[in-house]
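Trainee: Please show me the model. I would like to go through its bonds and pockets with you.

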Amino acid sequence: MSTVLVIGAGGVSSVCVHKMAMNKDIFSDIHLASRTRRKCDAIAASVKECTGVDIATYEIDAEEVPAMVNLIRQVKPSLVVNLALPYQDLPIMDACLEAGVNYLDTANYEPKDEAKFEYSWQWAYHDRFKQAGIMALLGSGFDPGVTSVFTMWLKKHKLKTIRTLDILDCNGGDHGQHFATNFNPEINIREVTAPARHWENGEFVETPAMAKKVEFDFEAVGPKNMYMMYHEELESLAKFNPEMERARFWMTFGDQYITHLTVLQNVGMTSIEPIKYKGVEIIPLQFLAAVLPKPETLGETTKGNTNIGCIATGEALDGSGEKTFYIKNICSHEAAYEETGNQAVSYTTGVPAMIGSAMMVQGIWTGVGVFNMEEMDPDPFMDMLNKHGLPWTVEELPGPVEF
Ligand code: NDP
């Protein structure tokens with residue numbers, strides 16, 4: 001039985017809070033705070049209708065550390081679940097340190113003026129969290145999150161060491177819009193337009209954004225073009241699996257998405273450099289995000305499946321030589337919407353955020369300091385994935401997949 005305080009009221013938060021309310025035996029008291037109170041109230045109303053559970057709501061600017069500390073002291077949670085944006089990670093961690101409360105998030109800290117996607121800022125909090133006797137769990141979404149847990153599960157049960165790892169993220173959903181992103185547009189476009197980086201022979205190798213394209217036939221979706229890009233779990237996976245020769249991340253994009261993005265980039269609309277317009281300073285990417293469809297409005301129209309998984313090749317645990325395994329989850333946009341009112345991209349992130357929270361509040365995953373998902377026992381998390389809407393399968397492939 002525990003009290004949790006969730007920050008942020010977007011699509012991911014909506015799924016996580018619905019799922020927490022469906023597990024009242026674990027999350028007895030749920031509080032939800034965000035910049036726009038109205039959005040918290042809408043989630044609370046939907047949760048009440050779906051589950052009968054009451055959620056307390058608050059308005060907060062999570063970048064105001066003293067206000068966050070006051071809210072935490074008022075609510076007295078055992079865990080703060082950060083489902084706002086990556087920019088708020090450090091102020092929320094500061095507030096948790098001051099109030100002495102555990103912390104969880106789904107995306108690494110990003111400074112507003114640089115697209116870096118690295119853990120350095122948050123890893124630097126390790127000693128302070130340790131001294132305060134509290135725990136921070138970083139990246140408990142799908143990728144990062146489940147992809148890290150999938151990899152560590154393979155390493156616990158199938159492979160002694162991993163030689164190569166490919167993470168394949170396919171969204172086969174169609175939302176019927178000309179151009180829209182399935183999670184926060186500003187973060188999504190920063191991620192996609194950043195140079196690609198992959199891990200090879202002990203270092204990150206940088207290549208131009210979206211330069212490497214491969215067609216792959218995804219189960220429950222069909223053939224799709226996927227592009228190599230950087231994704232933050234590569235950093236923690238390389239840190240905790242130093243034997244890996246190569247680790248890459250791939251994401252699918254349709255031709256229509258690429259065409260729109262290329263034009264927007266060419267005309268400067270994806271820039272994060274501030275410009276002056278009629279005397280007002282604006283950031284083109286933030287303006288673009290404001291005119292694009294809100295991800296939380298895409299649920300009703302999105303049809304199809306996501307298919308996200310890891311292909312790992314390495315030395316088999318049973319001494320039978322080199323083996324290759326493919327571990328994945330397939331999630332239906334329609335089923336996700338029916339259950340929580342949100343499409344599968346929010347669902348596949350919100351469910352693992354709930355499960356990571358359950359691991360922490362039940363004392364199944366413990367520690368003092370700042371941790372990544374790779375450092376925790378994958379088994380109880382994998383069990384909960386099967387029980388709470390994200391079942392996974394693992395199969396042995398005939399050999400390494402070359403692309
Ligand atoms: P949304 O943009 O839909 O929601 C973000 C929410 O945070 C909004 O409610 C927003 O408020 C709130 N917020 C923004 N700034 C502040 C602030 N200063 N104080 C308080 N609240 C604030 O994003 P998503 O739900 O799509 O994504 C949530 C997080 O999940 C992001 O960090 C994203 O990067 C991460 N993510 C992780 C994935 C993974 O697999 N690991 C996959 C997808 C997303 P307002 O309503 O006023 O704008």
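Mentor: We will take cysteines, then charged pairs, then a pocket.

Mentor: This is a predicted model, so local features need pLDDT of at least 70, side-chain atom pairs count only at pLDDT 80 or more, and totals for chains, interfaces and linings use all residues. Residues are numbered from 1 along each chain as its sequence is written, and side-chain values use heavy atoms, with hydrogens and water left out.

Trainee: How many disulfides does the count come to?

Mentor: A disulfide is a pair of cysteine sulfur atoms within 2.5 Å. The sulfur of Cys 50 is too far for a bond, since the closest cysteine sulfur, in Cys 16, is 15 Å away. Cys 310 is in no disulfide either, with the nearest cysteine sulfur, that of Cys 170, 14 Å away. By this rule the count is 0.

Trainee: How many salt bridges does the structure hold?

Mentor: Side chains of opposite charge can pair when their charged atoms come close. A salt bridge is a side-chain nitrogen of Lys or Arg within 4 Å of a carboxyl oxygen of Asp or Glu. One network of them links Lys 156, Asp 377 and Asp 379. The number of salt bridges in the structure is 16.

Trainee: How many residues apart are Arg 163 and Glu 245?

Mentor: Their side chains meet in a salt bridge, 3.5 Å from N to O. Arg 163 is in strand E7 (residues 159-171), and Glu 245 is in the loop between helix H9 (233-240) and strand E12 (246-252). Helices (H or I, at least four residues) and strands (E, at least two) are DSSP runs, numbered from the N terminus. This pair links distant parts of the chain, and the separation is 82 residues.

Trainee: Which strand holds Glu 395, the partner of Lys 328?

Mentor: The side chains of Lys 328 and Glu 395 form a salt bridge at 3.0 Å, N to O. Lys 328 lies in strand E16, and the pair ties together parts that are 67 residues apart in sequence. The strand that holds Glu 395 is E18 (residues 392-397).

Trainee: Does Lys 328 count as buried or exposed?

Mentor: Glu 219, which meets Lys 328 in a salt bridge of 3.2 Å, counts as partly exposed at 48%. Glu 395 counts as partly exposed at 34%. Lys 328 has 3% relative accessibility, so the label is buried.

Trainee: Which helix gives the largest share of the lining of the second largest pocket?

Mentor: On a 1 Å grid over the protein atoms alone, a pocket is an open set of points where a 1.4 Å probe fits, with protein on both sides within 12 Å along at least five of seven lines; lining residues have an atom within 4 Å of a point. The second largest pocket has 14 lining residues, including Ser 14 and Lys 39. Helix H1 (11-21) and helix H2 (37-51) each give two or more. The largest share, 5 residues, comes from H2.

Trainee: Where does the second largest pocket lie?

Mentor: Domain bounds come from an automatic or database domain assignment. Both domains give residues to the lining, so the second largest pocket lies between domain 1 (2-138) and domain 2 (146-342 + 391-397).

Notes: Buried < 20%, exposed > 50% of the residue type's maximum accessible area, 1.4 Å probe, protein only.
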